[in-house]
Structure formats: C-alpha cells, structure tokens
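I opened the model to look up two things.

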Amino acid sequence: MTSMPTTNLSKAKRPDVKVLLVEDNKGDARLISLLLEEIYGSGFELTLANTCSLALHLANNEKFDVALIDYNLPDGLGIELIRFFSKEDLAVPAILLTGHSERAIDLDAMNAGAADFLSKNNLQATQLERAIRYSVQRHSIEQELRRSKEELMRRNLQLDTAKAQLEAQTNNMMQLTEHLAQSELSEKTVYIIPQDTDQRLQELTEHCQICVWHVTNEGKTRYLNPAMIALLEIDLSASHSASDFLSFFTVDSRPEAECEFSKWQRGIGSTFESAIVSARSGKTKRLVLSGSPLAAEGGTSLDLLVTAVDITERRRIEASTREQARQDPLTGLLNRNALQEQLSQAQANANRAGHSVALLCLDLDHFKIVNDTQGHPFGDELLKLVAKRLKASVRETDCVARLGGDEFVVILNHLDSNDSAAIPAQVIIDKLSEPFCINGETVFTGTSIGIATFPDDSDTPEDLLKKADMALYRSKEVSRGGYEFFDHSILENLLRTRELEPALRQAITRNELHLMYQPQVCISGGEVVGVEALIRWESREKGALSPNEFIPLAESTGLIVPIGEWVLREACTQLREWHDEGWTELKMAVNVSVVQLKRESFIETVTTILNETGVSPRSLVLEVTESGIMDNVERATQILGALSSMGIGIALDDFGTGFASLTLLKEFPVEQIKIDRSFVSNMETDVESATIVSATIMLGHKLGLRVIGEGVETTRQLEFLRNEDCEEAQGYLFSKPMCSDDLVEWMQGCDTNKPAYFPEVVASQIS
Ligand SMILES: Nc1nc2c(ncn2[C@@H]2O[C@@H]3COP(=O)(O)O[C@H]4[C@@H](O)[C@H](n5cnc6c(=O)[nH]c(N)nc65)O[C@@H]4COP(=O)(O)O[C@H]3[C@H]2O)c(=O)[nH]1
C-alpha cells in the first residue's frame, strides 16, 4: 500500500474528503492525485491500493468517503470490486475509472452499483470534483433512505404480528358476538359493557389490543371495547352525540364507509382502509376496518361486529420516507430526483395548456469563500436562508429545488411567453443581493441566472437542465449578477471551445505561443518601471486567438500549468537579456492563474526558473487576481507569503471586480494593486467609477501599497490618476503590448529625458 496524504495536510484537521484510489498504473495514480490537489488543495487524504484484495482490506478497516476504481486491476476487474463496495456493510460510493469510454462498461458499472463512471482520457478536475461531490451526496441520501426503510420494515413486522393477533381474536369475537346479540341491552344505551355477557369473553374484549365496535343495524354504536374507546378518544361520562357509526368518519371517507357497512351486513364486505376523526383531539387517524354480521335471534342478520387496527403511524412513516426521498435534507427544498419528476409534470401540463415553462439555474457568488472563511455550519445557514428567499420570490405554483452545494433550480410554470421569465429572474437576483444576517454577522452574496425554456429550447428535462446550466455559465462570463437566456450561440461557443482543446495541448510543442510586453510607467517621473508579459497564441488551424478565449480553457483543463510555466520561463529569459543589455531596473510582471497557485510545486517551479535564468526575485512581480486568492485564502496566503519573503513582488490584478475583504488585504503579502481597466475607462463619464478609482488609490496608500491604473487610454484619465497620486499607469496611451524588439525600440525612444507619456511619444504609439 502506498499512502499519499498531501504533505501540508494538517493532521489534527479532518480532511474534506478521504479518497481510496484503486489503481495499479503509477502514472494514472499521479494524475488523479494532481487533479485532487487541484480540486481540494490540501483538504483531502488519498490512500492508494494497487490490487482489489488490498482495496478490500483497506475498506474493511477504514472509512472512506469515496473510492475511485480502475477498470483493469492485476487481481480482478474493478467492477467486481464495486460489487463488494456497494454491499451495505461496506457501503463506500465507488466511481469507476477507465481508459476508454464505452456505454456497455458504463451500464455494467451502474448495474454493479457504481455511483459514477469516468473516462481517464482528458479527465478534468471539474468533472472529477462534480462526480465525487454527487456520489458522496447521493450516498448519504441513500444511507438515510435505507435507515428509514429499515424502520418501516420493523413497523410492518409489528403490524403483521398485530394482524395475526387480530385474526385470532376475531375468532374469539365471533363467539362473543353471538352472546352480545342475545343480550338484553337497551337500544338507547351506548358504550355499555354488557354485564350479563359470559365472563370469559367479556374479559377477552376488555383486554384485547384490537379495537372492537358493535354497531346496530341502524348504524348506532352499541358497544366499544376500551381499545376502541381510546382510539376514538371518547369520553364515556359525557353525553356523546357521536353514537352514529358513520359520524366518526371524515367527510371524504363516509360514502365508502357507508357502502362497506351495507356490504358487511349482507356478509360480503371486506377489509378496507379509511380515516376517522378522534373526538377529543380532532386528529385524523387511518384505520384498517373489517366487519361481519352478527347472527340475531331467529337467524336474521342485524348488527355488525367491526374490528379496527390503527395504521396512522405506519402511513406517516411511509409518507415521510417518500418525502425524504424527494427532499434536500438541508433546505427542505426538492432534490434532483424530485426536480426531474416536477419538470416532466410541468412539461406535460404546459403541453396541455399551451403555456411555456422556464427553468432557471443559479448558484451563489463567492459561496466557496464564505464556506472556507466562515466555516461549513455558517455556509449551511446561508444556504437555508437563500432557500427561503427563493421560495418567497416565486409563486406557490412554481417549484424550487437544490441540486447540491450552492446550485439551485427554479421551475416557473404557466408562462404566457418565454420573456415573462425575466421578471422573476430579476426579482431573485435582487432578493439574493440583499444582505443576510447569520449569527449577528452580515454577509453578502449574489447570484447569476441561466434560463432555458420549454418547449422552445428543449423537450426533455435533462436537456433543458443542461441548457439552463450553459446559459448560467454564459451569464457568469458576461457579467455577474445578471441573467441570460439560452441561445444557440452558447452551444456553438462551447463546441468551439471543445474543438480548441486538442490544438491547445500541442501549442507549446508546436511553438505556437509567444509573449507580448506592455510597458508600465511611473506617473510622476514618466520613466518605464516594468513590463507586463501577455501571452499570444497563433494557432495553425484557428489563427490568432485572444487569451480571453483560451486562458479559461487552459484553466479548466489544467493546461494552464505547463503553459504558465512556459510563460514564466520565457518572460524571465527575456528579462535577463534586457538586464544584460543595460535595462537593469526593469521589472517583469507575469500573470499567475489560480490553478497554478493551487499546485504544491508552484514555489519550486518559480525558484527553479529564477535560478536557471539568473533573474533576481526582486525583478519579478506575480500578478494574481482577487478571485484567485479568495478561492482559497489559506493556501494563497501561504504560497504568496513564501514567494514574497523571497523578494518577489505580488500585485493584485483586476482590483475592484472581486470580493477581497479589506482585512485580508491588510494581512496579505501584496505590494501593489492594479485598478481594473473597466473602472479606469469609465471614470471620465461615470461618477461611480471615478469614486471607486479614487477610493482604491486612497485605500492602497493607507495600507502602504503602490497602485497602478490599468487600461489608460486618454491623457485625461492619466491626469485624473496623477491628481489622485496614483503611482503607476499602463495602457494604450503609452503603448499596446509589443514584441520584445519593438519594446526595446520604444523604450529607447522615451528614455532620454522624455517621459513615456510625452504627447509626441504617445501620439507616435497610438497612431
Ligand atoms: N482596451 C484596452 N485594453 C488594454 C489596455 N491596456 C491593456 N489592455 C489589455 O488589458 C489586458 C491586461 O491584462 P490582464 O488584466 O492581466 O488580463 C489578461 C490576463 O488575465 C490574461 N492573460 C494574458 N496573458 C496571460 C498569461 O500569460 N497567463 C495568464 N494566467 N493569464 C494571462 O488574459 C487577459 C487579457 O489579456 P490581453 O488580451 O493581452 O489584454 C491585456 C491588455 O492587452 C487599454 O488601454 N485598453
């Protein structure tokens, strides 16, 4: 056995997830370990077994949250192992991993009890994270259901025993009834225990658990045994109007009871289930009743002997088990299974009535940050409050479900047109952007929404959900805090991105990547203080592609790791050359993705490249985005702290667009903040943007940080920044990103006593 707990995993803290990986190929095991690291940072514990027998031994001795199992193992097939794992005594959710994707294996795996099935080819962290999350959640719901079912079986067993008793005692009752029929009880007397009945039979009814009810031919109660009195909650001392047999039944069940009553009198009735209302508490109880005619003197059938068993509790448990299977245990909203049903139902209704149905997919902004910084119980509270607000934002006839984590879905029914979905979508956005108060603390979140409609976008629940999800993805890309309807361009973009992936994998080896450099200028002195390295991809098949197009793809596939390393090496090599040529003060800023930051090896990579190229750490600035550090504050603080203590500068990119808390900013090893281009470009026309720019500069200075304005295109914008004492600026006013030779030429042009933004320099650059 190889045990691979991540090195910095705190021993005292339970990991977020304990994974058993059953894999004999070391390369594949390493790949999975890296993906897990990318997903959970240090919050996971991985145990590796290379055979089925070792895996079984481990699972028998230790509790794992999930098992990832290879298809082919030296001592058997992964599917066989999954069969063992799905047994209740082991009960570990298992995901089958294969080298290829085949439907037949997929089905076999599901039949064997696999929670999911993943192909190792091009396996991405997002896919793996989702598969693990859903498997663990589903497993816990299944366990809960199993417990409820066991409870139900136990109660059914009790009921069967009671039924057997009932049958035995009914026989005795038959004997008693003959005596009762012949007794001389007054017709007007109700609830009387016959004094002159045979002593033995009287005792039997008195102590019997089965409820016994003697009803006259006119439907009046003549006798009730104590069990029946307790069930009906009758006060014998009070004059009771309910001497009528049928008056105890709920209004709905009376017609059936009447019908059964008359059948029993004719000796053809059977057992039936009905509902009665108890006299004292007014509670509705479910009973199973059976009746038989009493032989009267002279042989004519007159009265009835009715026996009853209370099954209220059994029905309650059945209903709650059914409900639990449809419910999200945390928020009480519908779960994924119930959503599918509701959606099919909504589609059927809409088809009949000629209406539309809209499906809204949403998740919460910064939920992971709240969870990580405030703890999971706090996160759970937030989810519960969000669920309440969602329910309050839609009509009773609409439907709200939670799919897991912070993913919610709303079904809007009976829409006259697709566009009508926009109004409730906006209501939800507004409601969720209001502050939440949890344990006396105020917390803000927000949401973006993706909308797909039936019948226009799709006619199957699964596909509609997929399309609403794609629209959500687009909505988050375009602008957070808004909604987007699904349209076919979303699908086309997605397909295009998928097509790009194989080409991006080869981009480095085919030498298709290169860097451009954009100068960063000191506002007061005008000299160039640094350059930012910006990647470009000239694809053989697709032509020139913007980083905005391929960096997100590189991040989601993990390709950003080798690409980011290439960028850093290339930028440092170039900087070394420039230092050697005499531009010794020049600094190099390099963008670092959150995916790179999560890697254990990131510090080592940076150190190796600095050593290889001979660049001083003081000449390197790593630009990280606000969302990048907020994604995992603990880890980012640790890594960036280490890099900063080596002398490397850390700049916070796109400042103002994210969610960085001021407290963290104070404690974080940042030396510079970059005001996002969107604020700088709008500050001349939009007062709010101008205020944000001024406030950011002031805040930066208060915290002892340097501030750089990004995207400066006009001299007025530059003047504004200068008046606010902003230290540096970067933008097309000085220069667009250039290749290395052009940058040198440009620097030479503005070196000799000419500040970089002297009008003629600027003019020559932007013309
Ligand atoms: N309209 C306008 N645009 C200006 C102006 N001044 C600078 N820009 C553009 O703004 C972007 C600044 O880079 P960023 O915020 O880091 O934003 C970057 C960065 O997030 C990412 N990126 C670029 N290179 C890399 C890289 O090597 N690694 C990583 N992880 N991300 C990169 O892609 C984003 C876009 O890069 P680019 O397309 O090169 O776009 C660059 C730059 O060309 C201006 O005055 N007006």
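**Ground rules.** I am working from a predicted model, where local features need pLDDT of at least 70, side-chain atom pairs count only at pLDDT 80 or more, and totals for chains, interfaces and linings use all residues. Residues are numbered from 1 along each chain as its sequence is written, and side-chain values use heavy atoms, with hydrogens and water left out.

In R536, a side-chain N or O atom is 2.9 Å from a ligand oxygen. For E713 I read 2.4 Å between a polar side-chain atom and a ligand nitrogen. The protein covers 87% of the 800 Å² of accessible area that the ligand has on its own (Shrake-Rupley method, 1.4 Å probe).

**Shell.** I find 22 residues around the ligand (a heavy atom within 4 Å). R536, N591, E710, E713 and Y732 are the closest. By class I get nine nonpolar, six polar and seven charged residues. β22 (528–539) is one of the elements giving two or more residues. Its share, four residues, is the largest.

**E623.** I placed E623 in strand β25 (residues 620–625). Buried or exposed? E623 counts as buried because its relative accessibility is 2% (the cut-off is under 20%, with a 1.4 Å probe and protein chains only). The E623 side chain makes a polar contact of 2.8 Å with that of K674 (N or O atoms within 3.5 Å, one able to donate a hydrogen and the other to accept it). Beyond four places in sequence, E623 is in contact with residues including N591, E532 and D653 (heavy atoms within 4.5 Å).

How values were computed: Ala, Val, Leu, Ile, Met, Phe, Trp, Tyr, Cys and Pro count as nonpolar, Asp, Glu, Lys and Arg as charged, and the others, Gly among them, as polar. Buried means under 20% relative accessible area, exposed over 50%, partly exposed in between (1.4 Å probe, protein chains only).
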